[in-house]
Amino acid sequence: MFNNNRRKSKPDPKKKVLQPKPVMPSVSDNVQYMREALFHTDDLLSQELAIPGCKNEFLFLYSMCDLSKIRDEILNPVTFLRGVSIEDLLTTMHANKHDNLEEVIDLLLKGNAVLFIEGMTSCYVIEVKASYDRNVAEPSNEKVVEGSHEGFVENLCINLQLVRKHIENRNLVVRRYKLGHETKIEAVVLYMKNLANPDLIEEADHRIRNIDADTITSSEFIEEYIEDTSFSPFPQLLHTERPDRVIGNLLEGRVALLAEGSPTALIFPVTFFAFYQSPDDYSFRSLQGSFIRFIRLISFAIAICLPAYYIAVVSFHYEVIPEDLLLPIKSSVEHIPYPPILEAIFMELTIELLREAGIRLPGPVGQTIGIVGGLVIGDAVVKAGLVSNAMIIVVALTAIASFVVPSHEMSASVRMLRFPVMIAASLFGFFGIVYSVMIILIHLCILESFGTPYLAPIAPLRLKDWKDTIIRYPQWKLKQRSNDPAPQKLQQQHTSEEGQQPND
């Protein structure tokens, strides 16, 4: 039999156990305790109900509650039923009495509202949890085979609820901002108070508050103001429309940014390898997930270097072609009236045009244009002697490799970078490819995302973090969070280990 003891998590002796906290007679003291327990999160709202001769305070998380229920079941009865006693009014609201503030906080995080009344050592919890009928369907550009099929929508409250319903934890903090002098769009930053690096939170707050723009309409606009290097071809913030992806990164100590009117969340800090990871990797077993992730990383090299390699071989380095392939390739390219670089650029631009046409046209028409257009144009240009058969194969493989990337932003960067590499290969052969790849790697090594090295854990080298980078270890082997976002618990662990080292 297999020994499964290593799969079981051991209890943490340092974990803080919350003691019961009785409700205090003072309303202001209770409200202050609730706000401090939730770290003054901005989606916690409070107001005093118009109950004659009764000082009170009504609290709720607007991101988790149905505002129409609050209006119809609480505010309207208080306004119109003046002669009704408090007890009858609370019975109408279906309120439940509680005397432990710690339990009340947990109920508040589940979408309930809380009513404190002056002089009482108990409070009333009213169920007003939001339940939206709108279909939060899976994003079309981030489909997965297994796992959750929920996706963000354009409503910020719904998006916050999708996150909070999976993380019922008081350490989840929401910070709200108003951006754009004219648009005044609402944006929120989410992070785990006990995990996220305080320096990261401070830096993110500084960058967002210093945005000086008239027009901010989506989270993509915000990205250009807060990223480290705007002119880099590589994205430094991860775009996603999947709540499960946001939740996983929050629990690793990263920060997420959401904006009203946009279904896209921005996650930072991230590394290069984060763009080649997918929620599917964690739905499959570790061996299958590692294999698929390795295929994606190989596709990065294929998408950038394959056309350049073909150009260099045909133009300069015939000697590397096997003898059996030499004559077929020679007969294919000898009647082409222009050099291979123009041949490759022509086909690459054709593929990009077909791709854009397929995206902009309606679904069935777009698929038809992509398939029929590719077949017709590919066959026609070969028969016309404008492009060789080998170039068609190379361009098709390159296009497929660029579409393997789970991130649309990284896919666009890869497609753009292949053009300068092809030009270098047409001028200097293999030397041009080597120099181009060296420049790209040097740029990746010096690039940062909110202070995190972009090519970590390869540069700088951290072998411990390889468990969830190029390969995916089993979940029970991932006992320690990645050091990329410098989470608090990891920092505390390193500090304690250093403190236990004996002095020399």
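**Salt bridges and buried helix faces**

Glutamate 150 is buried, at 19% relative accessibility; buried means under 20% relative accessible area, exposed over 50%, and partly exposed in between (1.4 Å probe, protein chains only). This is a predicted model, in which local features need pLDDT of at least 70, side-chain atom pairs count only at pLDDT 80 or more, and totals for chains, interfaces and linings use all residues. Residues are numbered from 1 along each chain as its sequence is written, and side-chain values use heavy atoms, with hydrogens and water left out.

Glutamate 150 forms a salt bridge with lysine 165 (closest N and O atoms 2.8 Å apart). A salt bridge here is a side-chain nitrogen of Lys or Arg within 4 Å of a carboxyl oxygen of Asp or Glu. Glutamate 150 sits in the loop between S5 and H5, and lysine 165 in the loop between H5 and S6, so the pair ties together parts 15 residues apart in sequence. Helices (H or I, at least four residues) and strands (E, at least two) are DSSP runs, numbered from the N terminus. Lysine 165 is partly exposed, at 33% relative accessibility.

The whole structure holds 20 salt bridges. One of them joins arginine 245 to glutamate 142, with the closest N and O atoms 3.1 Å apart. This pair links distant parts of the chain, 103 residues apart: arginine 245 is in helix H8 (residues 243-250), glutamate 142 in the loop between strand S5 (123-127) and helix H5 (156-164). Arginine 245 is buried at 8% relative accessibility. Glutamate 142 is buried at 9%.

Arginine 176 and glutamate 186 also meet in a salt bridge (3.8 Å, N to O). Arginine 176 is partly exposed at 33%; glutamate 186 is buried at 17%. Elsewhere, salt bridges with shared partners join Asp281, Arg293, Arg296 and Asp468 into one network.

Now the helices. In H7 (residues 219-226), the buried residues are Ser219, Ile222, Glu223 and Ile226. They cover an arc of only 110 degrees around the axis, which puts them on the same side of H7. The arc is that of the directions from the helix axis to the C-beta atoms. Their cover includes strands S6, S7, S8, S9 and S10 and helix H6, contact meaning heavy atoms within 4.5 Å.

In H11 (residues 323-333), Ile329, Ser332 and Val333 are buried. Their arc is within 80 degrees, so they line one face of the helix. These residues pack against helices H10 (286-315) and H14 (389-403). On the other side of H11, Glu323, Asp324 and Leu327 are exposed.
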